[in-house]
Amino acid sequence: MRTSIRAIEIFVRAAESGSFVAAARSLLIDPAAVSRAIKGLEESLGVSLFARSTRVLKLTTEGARLHRDGTQMLRKFEDTINRYRANAAMHGQLKVGMGPSVSRKMMLRAISSFQELHSEVRLILMSVTDLSQIGNEGIDIFIRPRSLRQRGGEHKQQQGLVVRNLVYSPMVAAASPAYLKRAGVPRTPADLAQHACTALLTLERDVGEEWQFAKPSKREKIRFTPNLIADGEALREAALAGCGVIRVLACAIADELKSGELRQVLADWHCLGGAPIVAIYRKTRPTQTRINAFLQHLAREFRPYDNVIGGIKSPTP
């Protein structure tokens with residue numbers, strides 16, 4: 001009679017629970033099935049596994065040895081199955097939504113290196129400009145800055161959603177060199193009243209027409225009537241086109257700050273309102289392994305953006 005992995009599992013469970021009845025209950029089978037499995041295992045191996053002369057279920061010497069070896073065998077078996085499931089789960093599709101304030105360059109660089117590691121995962125990348133798209137489009141993961149109200153507090157998230165921080169980005173005020181040459185360089189937040197300021201339109205349709213700046217000894221808040229209201233990438237393009245001063249997450253314009261296409265303004269002030277870039281998703285078993293692998297990769301690839309404005313100097317006229 002061939003010894004099966006199931007018989008080993010039943011024996012180990014009986015040995016650990018100290019009772020055929022308890023083993024049956026934990027395995028959701030009939031106690032008679034446990035008794036038959038143990039008897040078959042003993043006949044197959046030609047040994048007695050339990051000392052039946054006692055009222056307490058007690059292992060024989062051979063039973064103790066099989067319990068030790070069987071436990072190791074089951075652990076290796078489970079590890080093998082889990083590895084196989086993990087590999088199998090890395091085949092398939094992930095639909096990723098991006099909010100308008102997430103840098104496309106930043107995302108696509110991370111996706112390129114992810115695909116080198118997991119070529120069997122097919123990614124569908126979508127721009128999300130309306131929150132209703134998330135349910136309608138069947139998006140697995142939504143990447144966006146944490147949702148903050150214009151005057152403090154967070155927008156409510158739907159129940160059942162997981163929100164995971166990927167990277168924190170400070171805010172930065174910036175403009176193109178051409179605009180600063182034409183309009184002058186603001187030296188204080190109050191100077192922005194004399195400048196063309198472009199406001200961010202969020203997914204919740206909040207308009208960022210109030211900016212706050214701070215120093216160790218003071219804080220200033222400015223409100224303005226925007227000459228232009230734009231969302232996400234359009235805000236960056238507006239600044240590059242010379243439309244005026246913008247206030248965005250530094251990671252969204254990291255390349256432009258480093259290349260000099262955009263210049264940070266009021267660099268000696270702390271621009272308040274920084275936020276983490278987050279991933280929002282539901283815990284769904286069919287895609288969970290892919291989601292976890294993708295988010296771990298994003299967090300690793302986004303790490304250099306943590307202090308992207310460090311060392312950038314204030315522009316000169």
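Me: Is Arg 6 buried, partly exposed or exposed?

Reply: In this predicted model, Arg 6 has a relative accessible area of 35%.

Me: With which residue does Glu 9 form a salt bridge?

Reply: The general idea is a distance test: a side-chain nitrogen of Lys or Arg must lie within 4 Å of a carboxyl oxygen of Asp or Glu. Here Glu 9 pairs with Arg 6, and their closest N and O atoms are 2.8 Å apart. Both residues belong to helix α1, three residues apart, which is about one turn of the helix. Glu 9 is partly exposed as well, because its relative accessibility is 25%.

Me: How many salt bridges are found in the whole structure?

Reply: The search gives twelve. Another of them joins Lys 218 and Glu 220, with 3.6 Å between the closest N and O atoms. Lys 218 is partly exposed, as its relative accessible area is 41%.

Me: Which parts of the chain does the salt bridge between Glu 256 and Lys 105 link?

Reply: In the pair of Glu 256 and Lys 105, the closest N and O atoms are 3.4 Å apart. This pair links distant parts of the chain, since Glu 256 lies in helix α9 (residues 254-259) and Lys 105 in helix α5 (residues 104-117), 151 residues apart.

Me: Are Glu 256 and Lys 105 buried, partly exposed or exposed?

Reply: Buried means under 20% relative accessible area. Glu 256, at 3%, is therefore buried, whereas Lys 105, at 39%, counts as partly exposed.

Me: How is the packing of two helices described?

Reply: Two values are given: the angle between the axes and the distance between them. For helix α1 (residues 5-17) and helix α3 (residues 31-45), the angle is about 110 degrees and the axes are 9 Å apart. Angles of 65 to 115 degrees count as roughly perpendicular, so α1 is roughly perpendicular to α3. The crossing of α1 past α3 is left-handed.

Me: Which residues make the contact between α1 and α3?

Reply: From α1 come Ala 7, Ile 8, Ile 10, Phe 11 and Ala 14, and from α3 come Val 34, Ala 37, Ile 38 and Leu 41. Sorted by class, this contact has nine nonpolar residues, with no polar and no charged ones.

Technical notes
Residues are numbered from 1 along each chain as its sequence is written. This is a predicted model: local features need pLDDT of at least 70, side-chain atom pairs count only at pLDDT 80 or more; totals for chains, interfaces and linings use all residues. Side-chain values use heavy atoms; hydrogens and water are left out. Axes are lines fitted to C-alpha atoms, for helices over the stretch in contact, and angles run from 0 to 180 degrees between N-to-C directions. Helices (H or I, at least four residues) and strands (E, at least two) are DSSP runs, numbered from the N terminus. Angles under 35 degrees count as roughly parallel, over 145 as roughly antiparallel, 65 to 115 as roughly perpendicular and the rest as oblique. A crossing is left-handed if the near helix is turned anticlockwise from the far one by less than a right angle, and right-handed if clockwise. Contact means heavy atoms within 4.5 Å. Ala, Val, Leu, Ile, Met, Phe, Trp, Tyr, Cys and Pro count as nonpolar, Asp, Glu, Lys and Arg as charged, and the others, Gly among them, as polar. Buried means under 20% relative accessible area, exposed over 50%, partly exposed in between (1.4 Å probe, protein chains only).
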